[in-house]
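Hi everyone, thanks for coming.

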Amino acid sequence: MKREFRKKVISERKKQSPEFISKNSSIIVDKVLQMDCIKKAKTIMLYLDFNNEVQTDDLINKLISLRKTVASPITLKEEKKLIPTQITDLKNGIKIGAYNIREPKLECSHPIDIKDIDVVIVPAVAYDTNCYRLGYGGGFYDRFLENLRPDAKTIGIAFDLQIFDEVPKEPHDAQLNFIVTESKTIIPNK
Ligand SMILES: Nc1nc2c(c(=O)[nH]1)N(C=O)[C@@H](CNc1ccc(C(=O)N[C@@H](CCC(=O)O)C(=O)O)cc1)CN2
Ligand SMILES: Nc1ncnc2c1ncn2[C@@H]1O[C@H](COP(=O)(O)OP(=O)(O)OP(=O)(O)O)[C@@H](O)[C@H]1O
């Protein structure tokens, strides 16, 4: 169920043009920067995009220039773990990591205590209209989000084509506080 759904959405997203991806990413980034929880946050974790995900480089640069502490995950494939690690410079502090996804170089930086994170901007393959998320199938974010401070906020960013009335889900699947797309902001209805 999850597998086929994933494949379908990933292939649909892959078909989008570079212009579509960059134009809509920039709309989404502007909306995220207006959010209250982002304005208030001191420490923000967000992903480095791959495979036509909503692009985050501009958002990272803006948050750094606003003097936020910005962290991205280092992925430990075997342990199925994400290590949030500070980024101070997207140009020099990044290398290619697990699954060919860019990640911070640990030698240039240091891990961030998960309890210091105020907001996490989460990647996904698909979301439903009640803010449940379907990821790539590693369970990385489900495990990670369980250990956040209870008052930390989670924001999913995605294109409209990734939003469905319902996605296949299991009891461990995370429900986020907000989803932001190029056309709307969604909050849970229950
Ligand atoms: N930008 C970004 N970073 C992220 C995630 C994400 O969704 N987006 N992840 C969200 O959790 C984690 C990585 N999760 C992933 C899990 C599986 C595959 C994947 O391509 N699997 C292949 C098998 C590849 C292999 O084993 O080498 C497959 O399923 O065919 C990719 C990413 C951590 N970092
Ligand atoms: N909190 C958790 N604790 C233990 N196992 C988990 C947890 N979350 C997920 N898993 C396991 O990890 C595997 C992948 O989960 P799932 O298919 O929900 O991943 P996903 O949310 O799509 O991926 P990701 O979070 O990496 O983007 C499943 O076998 C699931 O049982």
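**Starting at the first ligand**

Let's begin with ligand 1: strand S2, residues 69-76, and helix H5, residues 140-146, each supply at least two residues of the shell around it. Please keep in mind that this is a predicted model.

How many residues surround ligand 1? There are 17, and the closest are Tyr99, Pro123, Tyr136, Gly138 and Phe140. If we sort that shell by class, we get 11 nonpolar, four polar and two charged residues.

Now turn to ligand 2. Its shell has 15 residues, with Gly135, Gly138, Gly139, Tyr141 and Asp142 the closest. Which element gives the largest share of this shell? That is H5, with five residues. By class, the shell around ligand 2 has four nonpolar, five polar and six charged residues.

**Stepping back to the whole chain**

Let's zoom out. The protein chain holds five helices and 12 strands. Its C-alpha trace spans about 40 × 35 × 35 Å along the principal axes. How does that fit with a compact globule? For 190 residues, such a globule would have a radius of gyration near 16 Å, and the protein chain agrees with this, at 15 Å.

Of the 190 residues, 35% are buried. Take the contacts in the protein chain with a separation of 6 or more: 68% of them join residues 24 or more positions apart.

Now follow the strands with me. Seven of them form an open sheet with mixed pairing, and the order is S3-S2-S1-S6-S9-S11-S12. Which strands stand at the edges? They are S3 and strand S12, residues 185-186; each has a single partner strand, so one side of each is left without a neighbour in the sheet.

Let's look at the S3 end. S2 and strand S3, residues 81-86, pair in the antiparallel sense over six bridges. You can find some of the facing residues yourself: Ser72 stands opposite Thr85 in S3, and Leu76 has Lys81 in S3 as its bridge partner. The two strands form a hairpin with four residues between them. In that turn, Lys80 has a positive phi of about 55°.

Why might we stop at a positive phi? Most residues other than glycine have a negative phi. Two more residues go the other way here. Asn51 has a phi near 50°, and Asn52 has a positive phi of about 65°. Asn51 sits in the loop between strand S1, residues 43-46, and helix H4, residues 57-65. Asn52 has its place in the loop between S1 and H4 too.

**Into the core**

Back to S1, where we find Thr43. Thr43 counts as buried because it has 21 C-beta neighbours inside 10 Å. Leaving aside neighbours within four places in sequence, Thr43 is in contact with several residues, including Lys68, Thr69, Ile117 and Asp118.

Which residues have the most contacts inside the largest nonpolar core? That core has 47 residues, and the answer is Ile44, Ile121, Tyr127 and Ile155. Strand S6, residues 119-122, gives the most to this core, with four residues. If we look at Ile44 and skip residues up to four places away in sequence, its contacts include Leu63, Val70, Val119 and Ile121.

S8 and strand S7, residues 126-128, run antiparallel and are joined by two bridges. Within that pair, Ala126 stands opposite Leu134 in S8.

That's my tour, and I'm happy to take your questions.

Conventions:
Residues are numbered from 1 along each chain as its sequence is written. Chains are lettered from A and ligands numbered from 1 in the order in which they are written. This is a predicted model: local features need pLDDT of at least 70, side-chain atom pairs count only at pLDDT 80 or more; totals for chains, interfaces and linings use all residues. A residue is near a molecule or strand if its C-beta atom, placed from the backbone, lies within 6 Å of it. Ala, Val, Leu, Ile, Met, Phe, Trp, Tyr, Cys and Pro count as nonpolar, Asp, Glu, Lys and Arg as charged, and the others, Gly among them, as polar. Two strands pair if DSSP finds at least two bridges between them. The radius of gyration is taken over C-alpha atoms; the globule rule is 2.2 Å times the number of residues to the power 0.38. A residue is buried if 20 or more other C-beta atoms lie within 10 Å of its own, exposed if 12 or fewer, and partly exposed in between; C-beta atoms are placed from the backbone. Two residues are in contact if their C-beta atoms, placed from the backbone, lie within 7 Å. A nonpolar core is a set of buried Ala, Val, Leu, Ile, Met, Phe, Trp, Tyr and Cys residues joined through C-beta atoms within 7 Å.
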